[in-house]
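Here is a friendly briefing to read with the structure open beside you. Please bring up the model, and we will go through it topic by topic.

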Amino acid sequence: MPKAAGIELAKNAAGRLVPLSINGREAVPYKGVAAHRPTGRKAAPAVATCADYPADGNKVVADVKTALLAAGIRDGMTVSTHHHLRNGDYVANAVFAAAAEIGVKDLVWFPSASFACHKPIIEHMKNGVVHHIEGSMNGPLGEFTSRGGMKGMGVLRSHGGRYQAVQDGEVHIDIAVIAAPEADPFGNANGVRGPAACGLLGFALADSQYADKVIVVTDNLIPFPCIPWQIHGNHVDIVTTMPSIGDPTKIISGTTEITKSPDRLRIAEMTAQFVRDAGIMRDGFSFQAGAGGTALSFAIYLTEMMKEAGVKARFVRGGSNKYLVEMLEQGLTDYILDGQTFDLDGVRSMRDNPRHVNTSPFTSYNYHGKGNFASMVDVVVLGATEVDVRFNANVVTHSDGKLLHGIGGWQNCLFSGCTILPIPGFRDRIPVIVDEVTTLCGPGELIDVVVTERGIAINPLRQDLLKAVAGTKLPIRPIEDLKREIDDICGGAPAKPKFGERVVAAVKWVDGTVIDSVRQLAE
Amino acid sequence: MNPVGQAGRRGDQVRSDCWISVEVRESGGVALALRSKVASMYGDSIRATVERGLAALGVKHAAVEVDDAGALPFVLAARLETAVKRARPDVKAEFLPEAKPWTATATTRDRFRRSRLYLPGNEPKFMLNAGLHHPDGVILDLEDSVAPHEKDAARAIVRNALRVVDFCDSERMVRINQIPSGLEDLDWIVPHNVHVVLIPKCESDDQVEAVDERIEEIRKARGVKSPVYLMPIIESALGCVKAYKIAKASENVVALTIGLEDYTADLGTQRTNEGRESFWARSVVVNAARAAGVQPIDTVFSDVADMDGLLASVLEAKALGFDGKGCIHPRQIDVIHRGFTPSQAEIEKAKRIVVAFEDAAKKGLSVVSLGSKMIDPPVVKRAQRTVELAVAAGALAASWREGGGSNA
């Protein structure tokens, strides 16, 4: 049995060496896209009684530190936060600053995602307050992890995988801290109003249902009832306030700028043309495009094509933004099923339009449920840092081996009817199509189409798509062909990054099995 | 003190480029300090390129510093050569990247020149994918888009781009500097399959002849077989007055174009959207070009955000008699092609004339007639061009004759 820094490894069904234990708990290697069958019953929090809670519904305490103490914070606990406030979030940093003041050690941070604004957590990892992160490790946190700075092993999960892990009892949340743009003293909360309005709080749903203790933090405390109650106060133990929970200018993600890059526009237009010409764009269809310039431009091109063809969508899956809201308001789609809102138009629409629906990873992504609607979306447009000639893709590390991004809903979305990755063939001198991805996040059998500025590659497993676009003007090319051309431009295939032995992070598949591991960078 | 030369760019904003400093030494071999964002992938490749480059340029001992933001090999090579030559202006050797097979494309005198996309000569990142947007021509610019102190750097980038970058089916054009300094640019481009040389601020036939002669010398010396065509740019009142002589100055002139920024400055007036101040000049260029049997090409439309304005400007240019338009952003290309695409009525009329001509030729008739009307040769030629344009723009199937065109 191979070992790395004392941890046993095994080759999983994708041929990747993965750890058999993660932070002392047994881990199951990936068995294939749908091969793993869970057993047992769901996790559940302890039964509570109203007798222990104030009859007047007032659960407010003075501040975050008091709230953590009231929640019984202890060494080694798992504390969760959420990324609704994105790069403007003040709450996660306030929580760990308070924990440091209290003097607890070895906490596990379980965020739904992290951003560059969470850089202060690095100090908490250095001084022992935080042992490791289970969640996305973005930007500076990723760099810190890749260089071996984190004591424990990081765990990367998709949004659906996070819900699954909590529901299945794989992760037990001791204290959930939910940042709420609007809340009442009972703990009812939403994201649609207040200075830090962010739309919805879906990523905190699992935490509110399964955590031992739930704290709501707001800067906009209103009298009961807080409507809509996206988070039910009946799940909440403690409510507290901060002067401000986030910087509104950074909550809105800034990814709603349409790209000006002619190459990205070309890729976006080709992607929309593919969706049209392959016959996916038809009355009653559905699509999902993520944030980011290319995805946004894709949605705009597709909207024009839908108008031209007189086609309407049944639903569009958000991340919503003003362009999706315009589609909804112009009657080009019946519904927006929203996972998060990226701009103020999205927030307004979510608040005011009953057809702009608040969803959670439970309804959209959880793989251990009785179905989820990600597989009902006809076409989804996603990014990737790398894709290989077998259509496997990577979203968490760069080609230099550095951990830089989280998975988000990316893995969950792969189950759509047609998964398209519109990506540039190379970034600066870094080829995006490679022989083998540095880190496997999505198995090639679920990735159908790669659109680059130099041509469109269709997965040979999708003969139906190849047939559908035969005879169109689309530049369909074998992926190996694209790779050869790109390598030639970049001056040959890139050398592989050099890694040390230690596994610094495990990448989970949607069912909780381990699909790959990230090694520490060699110095 | 050892001579030091530096070239390229560095800093947080720089991408797909690099900065290189070369200190040429008397002894000690080559010492290379490399910082690169792609070091783990291409560090060895960068080191090998620097070593080969120094050897090719005859530098045996040097301290080299490379600050790389993902420059492609041809950019790295150009920056290195420029840095060495700035340190040692006496170095005449070149460090040429291997010419790629796809750069060996050919052109013809009368190919379509509807759109020509200007690419700043010292900005390699804009060149890489320019051909994918399929302009009729790409112009690697050595003139106004390049700062005076970067002319040498741009020459190396443009030369290497001509040898390496796939411009697909676009005609490969270079705008040289104003004559006389532009004559030196020719050494860097003529041996590397440039199709058309644009001569800026052209004011006399002598200037065209000087360029033509210098090209001829280089072609002979370097064994260049394919022709190098010329496109003078009229940018002054004097240029307008001499337009016909300029267009006739060499048989290599294939097109005449106009630059309105400098022209309006020369007149002492402002460029307006209506363009009344330049109406005469544009008409002069069209007439001079037609009289000389070359293509009249309109100026650049520089507001990249205004697609409606661009289309209106293209339609106006077409109405004045121009065959093409300049642009500075790839998104403008399709709009220009759309503007120059003949209307359905024009296509139908042209088809009838072409068919009548072909029928007459088959029957050995010297006079072409359509119904009761005689068709003159220039009209036939125009109609053939219209049909070709329509086919190129996808407005007419290439196999239109089989579609029952002859009974129209």
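Two strands pair if DSSP finds at least two bridges between them. With that in hand, 3 bridges join strand β5 (residues 115-120) of chain B to strand β12 (residues 324-327) of chain B, and the two run parallel. Please keep in mind that this is a predicted model.

**Strand β5 of chain B**

- Let us begin with burial: 6 of the 6 residues of β5(B) are buried, so the strand is largely enclosed by the rest of the structure.
- Both faces of β5(B) are covered, with Ser115(B), Leu117(B) and Leu119(B) buried on one side.
- Looking towards β12(B), you will find Cys327(B) opposite Leu117(B).
- β5(B) also pairs with strand β6 (residues 137-141) of chain B, in the parallel sense and over 5 bridges.
- Within β6(B), Gly137(B) is the bridge partner of Arg116(B).

**A helix pair in chain B**

- Two packed helices are described by the angle between their axes and the distance between the axes.
- For helix α2 (residues 73-87) and helix α4 (residues 151-164) of chain B, the angle is about 145° and the axes are 9 Å apart.
- The crossing of α2(B) and α4(B) is right-handed.
- From α2(B), the contact draws on Phe74(B), Val75(B), Ala77(B), Ala78(B), Glu81(B), Thr82(B) and Lys85(B). From α4(B) come Asp152(B), Ala153(B), Ala156(B), Ile157(B), Asn160(B), Ala161(B) and Val164(B).
- Sorted by class, the residues of this contact between α2(B) and α4(B) are 9 nonpolar, 2 polar and 3 charged.

**Where the chains meet**

- Chain A brings 20 residues to the contact, and chain B brings 19 residues.
- On the side of chain A that touches chain B, α8 (262-277) and α15 (479-490) of chain A each supply at least two residues.
- The largest share of that side of chain A, 4 residues, comes from α8(A).
- That side of chain A has 8 nonpolar, 4 polar and 8 charged residues.

**Val239 of chain A**

- Is Val239(A) buried or exposed? A residue is buried if 20 or more other C-beta atoms lie within 10 Å of its own. Val239(A) has 27 other C-beta atoms within 10 Å, so Val239(A) is buried.
- Val239(A) is part of strand β14 (residues 238-241) of chain A.
- Leaving aside its neighbours within four places in sequence, Val239(A) is in contact with Lys59(A), Val60(A), Ala183(A), Pro185(A), Gly187(A) and Val216(A).
- Val216(A) is 23 residues from Val239(A) along the chain, yet their C-alpha atoms are separated by 4.7 Å.

**An open sheet in chain A**

- In chain A, 3 strands form an open sheet with mixed pairing, in the order β21-β20-β25.
- Which strands are at the edges? They are β21 (393-394) and β25 (433-434) of chain A, each of which pairs on one side only.
- Strand β20 (residues 386-388) of chain A pairs with β25(A) in the parallel sense, over 2 bridges.
- Opposite Asp388(A) stands Val434(A) in β25(A).

**Helix α11 of chain A**

- In helix α11 (residues 344-352) of chain A, the buried residues are Gly346(A), Val347(A), Ser349(A) and Met350(A).
- The cover over these buried residues of α11(A) includes α10 (322-329), β17 (333-338) and β18 (356-358) of chain A.

Note on methods:
Residues numbered from 1 in each chain as written. Chains lettered and ligands numbered in written order. Predicted model: local features only at pLDDT ≥ 70, side-chain atom pairs only at ≥ 80, totals over all residues. Buried ≥ 20, exposed ≤ 12 C-beta atoms within 10 Å, placed from the backbone. Contact = placed C-beta atoms within 7 Å. Nonpolar A, V, L, I, M, F, W, Y, C, P; charged D, E, K, R; others polar. Axes fitted to C-alpha atoms, helices over the stretch in contact; angles between N-to-C directions. Left-handed = near helix turned anticlockwise from the far one by under 90°.
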